[in-house]
Amino acid sequence: MRLLRESAAGFGVFLSEEQLNSFRFYYRELNFWNARFNLVASTESAADVFVKHFLDSLTLVPYLPAPDGHLIDIGTGGGFPGIPLKISLPGLKVTLLEASRKKVSFLKSLCRILKLEEMSILQERLEDLLKDEFYRNRFEMVVSRAALKLPEYLQAGKELVSPSGRIFAMKGAGYREELADVSEALADWDLCLADVHTLALPETGDFRAILVFKKL
Ligand SMILES: C[S@@+](CC[C@H](N)C(=O)[O-])C[C@H]1O[C@@H](n2cnc3c(N)ncnc32)[C@H](O)[C@@H]1O
């Protein structure tokens, strides 16, 4: 808990005792359900979960433009990054999109336990969600981690993001190559790169790049 509190504070996210307790419960539930639902790698220690999942998710917080706006997390799996973001910014309205029925039942149970409000948890494939007009241009923030290739993500993100919203891509050391691969297509998708934030994860020192895209 000290690692989470101090490291999060290091990038400007100050967690209350109540929020730290929510992470404690989150870890307990992940641990309990992991063997059946494959939510995080079974070899990961508690410290791994706190750094590679909780803290990694929280690295987005300083860059989110609307802490009480609407955010969608595509392919959220065990809830990353959407649930840590919701715990740290309770005013966020969060939609979690996940294709796996088992993972969605975990997420629903977790949100009940954590008493998270204004959460919508959709068991659906992205391709099907995109056919629904209701979700078009709806989200001020689109996030996703390790679920989709960058071109597929951006083409979906541009349909879902509001005109002044932002699409966040969480990448590792290979981010320049991934950016180069989409750079020519960006204008065709009506998008441009707004920002690149780089950082090292606490404890592991793993490199992270947060790519921020917006509509032209
Ligand atoms: C590698 S996991 C990553 C989970 C989480 N975002 C994380 O970083 O730990 C990818 C997740 O995306 C989901 N997923 C992949 N493609 C999807 C799609 N087209 N629509 C909805 N969910 C999808 C999978 O079911 C899986 O749970």
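In which loop is Glu118 found? In this predicted model, for which local features need pLDDT of at least 70 and side-chain atom pairs count only at pLDDT 80 or more, totals for chains, interfaces and linings use all residues. Residues are numbered from 1 along each chain as its sequence is written. Glu118 is found in the loop between helix 5 and strand 3 (119-123), where helices (H or I, at least four residues) and strands (E, at least two) are DSSP runs numbered from the N terminus. The phi angle of Glu118 is near 55 degrees, a positive value in a residue other than glycine. Most residues other than glycine have a negative phi, and most peptide bonds are trans.

The chain contains 8 helices and 7 strands, and its C-alpha trace spans about 45 × 35 × 30 Å along the principal axes.

Two helix pairs are described by their axes, which are lines fitted to C-alpha atoms over the stretch in contact, with angles that run from 0 to 180 degrees between N-to-C directions. The axes of helix 1 (residues 2-10) and helix 3 (residues 46-58) come within 10 Å and cross at roughly 30 degrees, and these two helices are therefore roughly parallel to each other (angles under 35 degrees count as roughly parallel, over 145 as roughly antiparallel, 65 to 115 as roughly perpendicular and the rest as oblique). In this pair Leu3, Leu4, Ser7 and Ala8 of helix 1 meet Ala47, Phe50, Phe54, Leu55 and Leu58 of helix 3, contact being assigned if C-beta atoms, placed from the backbone, lie within 7 Å. By class, this contact of helix 1 with helix 3 has 8 nonpolar, 1 polar and no charged residues (Ala, Val, Leu, Ile, Met, Phe, Trp, Tyr, Cys and Pro count as nonpolar, Asp, Glu, Lys and Arg as charged, and the others, Gly among them, as polar).

Helix 2 (residues 17-37) and helix 5 (residues 101-113) pack at an angle of about 160 degrees with their axes 11 Å apart, and are therefore roughly antiparallel to each other. Their contact is made by Phe25, Tyr26, Glu29, Trp33 and Phe37 of helix 2 and by Lys102, Lys103, Phe106, Leu110 and Ile113 of helix 5; these residues divide into 7 nonpolar, no polar and 3 charged.

The ligand is surrounded by 16 residues, of which the closest are Gly75, Gly77, Ala99, Arg145 and Ala147.

Note on methods. Two residues are in contact if their C-beta atoms, placed from the backbone, lie within 7 Å. A residue is near a molecule or strand if its C-beta atom, placed from the backbone, lies within 6 Å of it.
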